[in-house]
Amino acid sequence: MTSTAGATERGRGATAVLTGLGAWLPPRRVPNSELCTRMDTSDQWIRERIGIAERRIAEPHVATGDMAVEAGARAMASAGTATVDALVLASNTPDRLCPATAPWVAHRLGLPAVPAFDVMAGCSGFVYGCTVADGLIAAGAARRVLVIGAETMTSLVNPDDRNTAPIFGDGAGAVVLEAGPPHAEGALGPVVWGSDGSLADAIAVPAGGARGRHRRDRAAPEEHFVHMRGNEVFRHAVRRMTAAAREAAARAGWELHEVDRLIAHQANGRITSVVADGLEIPAARVPSNIGEVGNTAAASVPLLLAHAADEGGLKPGHKVLVVAFGSGLAWAATTLVWPAGLAARR
Ligand code: UT7
């Protein structure tokens, strides 16, 4: 997309600049000890193998759209605006299979008639959504876009499955992106993104979509839950995140040793460590919140940004490298220089 050196690769248009950041987590905390009461696992295993101590779980009446509204309102307050030109909602857990959740979120946010649509790109969905917003801004289709990542992962997770239940959590984060010059602090840098549909089954919900309609009445209950080949996904996550992050930094004109903060999708603490090691970015520059919120899929990156901004990890002028990976398979990485005067709302 753009180069932070100031030259624009696309030759026209403005760049998306970060002006607002918000997050919302459901209040209910579920510690590992609670999971141990219903499956064969242990607090020690989950901490050591995934890096999670507890996750937040939405109450049954709270859905993705509700959390998206909370995070979106906070991001708009953070940006000091009550209006946007478009709303992009990244989620793997929309309120319904049809219609998209974004128009309802826009309605609830008091944004009548704005274009609003969902993006599904696994745990990379938020970075994909920001890239789409950047394109809308560059094309002149919008000047200010609200991008939300929101998930009710507990709606897809079998609460008794030790392969998935310890990993995932619920929550939402959001940003406001506004048209600005490519050299501005907060401007999104070049994106490196991709997908590999040959591994579509590696993280998937077998039932509920068009492909399973011929056997709708015969689908076993567990087919409505997410299934993951964890080991295999782990290996691809490390490889793709490392390569995409490395290339995004290079395309921004940054040496890896210049990166002040690596914001990595919180898939598994060990994945983040291996990726950071591969990039030779010291652990002190790699914020993490997986211990408290788990893997929140498309909500993970904005939740981590809000966490790091609020708790002092992100400072104005910091060179921030962002990378995500998830089902699809799909991955994405980009860069930005952290802007001054941005107060996250949580
Ligand atoms: O968000 C983006 C997409 N998702 C990811 O990127 C997640 C990627 N994958 C992972 O995070 C990890 O693969 C998991 C957390 C899912 C699994 O961790 P692992 O270290 O890859 O475990 P494993 O599947 O290799 O299993 C190791 C052992 C096995 O026992 P044996 O065969 O060595 O005796 C498993 O049966 O750990 C056992 N195990 C468990 N033990 C206690 C697997 N899950 C659990 C568990 N509690 N929850």
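Mentor: Start with C130: its sulfur sits 15 Å from the closest cysteine sulfur, the one in C123, and that's too far for a bond. C130 is also buried, at 9% relative accessible area (buried is under 20%, exposed over 50%, partly exposed in between, with a 1.4 Å probe and protein chains only). C36, at 27% relative accessibility, comes out as partly exposed. The disulfide count is zero, taking a disulfide as two cysteine sulfur atoms within 2.5 Å.

Keep in mind that this is a predicted model, where local features need pLDDT of at least 70, side-chain atom pairs count only at pLDDT 80 or more, and totals for chains, interfaces and linings use all residues. Numbering starts from 1 along each chain as its sequence is written, and side-chain values use heavy atoms, without hydrogens or water.

Now the helices (DSSP runs of H or I, at least four residues, numbered from the N terminus). Helix 6, residues 230-251, packs against helix 7, residues 269-279, at about 40°, and their axes are 9 Å apart (axes are fitted to C-alpha atoms over the stretch in contact, with angles from 0 to 180 degrees between N-to-C directions). Helix 6 touches helix 7 through residues including F234, M241 and R246, and helix 7 answers with, among them, R270, I271 and L279; contact means heavy atoms within 4.5 Å.

Helix 7 also holds T272, which is buried at 7% relative accessibility. Beyond its neighbours within four places in sequence, T272 contacts A264, H265, Q266 and V286.

Notes:
Helix = DSSP H or I, 4+ residues; strand = E, 2+ residues; numbered from the N terminus.
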